[in-house]
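Me: I'm new to reading protein models, and I'd like to learn how to look at one. Could you walk me through it?

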Amino acid sequence: MTPLIRKVIAALGSRTHVPFRVRFADGSSYQNAAGEPFFHVLFKTRRAQWNTIVNGHIGLLDSYFDGSIDIEGD
């Protein structure tokens with residue numbers, strides 16, 4: 001599952017030069033560019049990852065609101 005969400009996040013990361021980091025539910029992480037990340041997205045559960053894949057930004061927001069995702073930084 002992590003390879004699929006990683007692929008989705010990497011596609012998004014390739015579209016911006018703003019450094020950010022994502023930590024997945026399994027503890028692995030992805031950073032799109034060198035430098036200090038402006039923000040971090042922390043997936044706490046695999047369900048939050050699936051919700052983001054299946055429902056896009058709506059799934060990401062739903063998971064944020066239910067506490068399954070943390071966002072740190074600007």
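Me: Is Arg 47 buried or exposed?

Reply: Buried means under 20% relative accessible area, exposed means over 50%, and partly exposed lies in between, using a 1.4 Å probe and protein chains only. Arg 47 is exposed, since its relative accessible area is 59%. Before we go on, this is a predicted model, where local features need pLDDT of at least 70, side-chain atom pairs count only at pLDDT 80 or more, and totals for chains, interfaces and linings use all residues. Residues are numbered from 1 along each chain as its sequence is written, and side-chain values use heavy atoms, leaving out hydrogens and water.

Me: Which side chain meets that of Arg 47 in a salt bridge?

Reply: Here is the general idea: side chains of opposite charge can pair when their charged atoms come close. The rule asks for a side-chain nitrogen of Lys or Arg within 4 Å of a carboxyl oxygen of Asp or Glu. Arg 47 meets Asp 66 this way, at 3.6 Å from N to O. The pair links distant parts of the chain, 19 residues apart: Arg 47 is in helix α2 and Asp 66 in the loop between α2 and β4. Helices (H or I, at least four residues) and strands (E, at least two) are DSSP runs, numbered from the N terminus. Asp 66 is partly exposed, at 44% relative accessibility.

Me: How many salt bridges are there by this rule?

Reply: The count comes to 2 salt bridges. Lys 44 and Asp 70 also meet in one, at 3.3 Å from N to O. Lys 44 sits in the loop between β3 and α2, and Asp 70 in strand β4 (residues 69–73), 26 residues apart. Asp 70 counts as partly exposed, with a relative accessible area of 30%.

Me: What about the strands: which way do they pair?

Reply: Two strands pair if DSSP finds at least two bridges between them. Strand β1 pairs with β3 (residues 39–43) in the parallel sense over 4 bridges, and with β2 (residues 29–31) in the antiparallel sense over 3 bridges. Follow Arg 23 to see both: this residue stands opposite Leu 42 in β3, and its bridge partner in β2 is Ser 29.

Me: Which residues are on the covered face of β1?

Reply: Phe 20 and Val 22 are on the covered face of β1 (residues 20–23), while Arg 21 and Arg 23 are on the uncovered one.

Me: Where in the hairpin of β1 and β2 is there a positive phi?

Reply: Look at Gly 27, whose phi is near 95 degrees; this hairpin has 5 residues between the strands.
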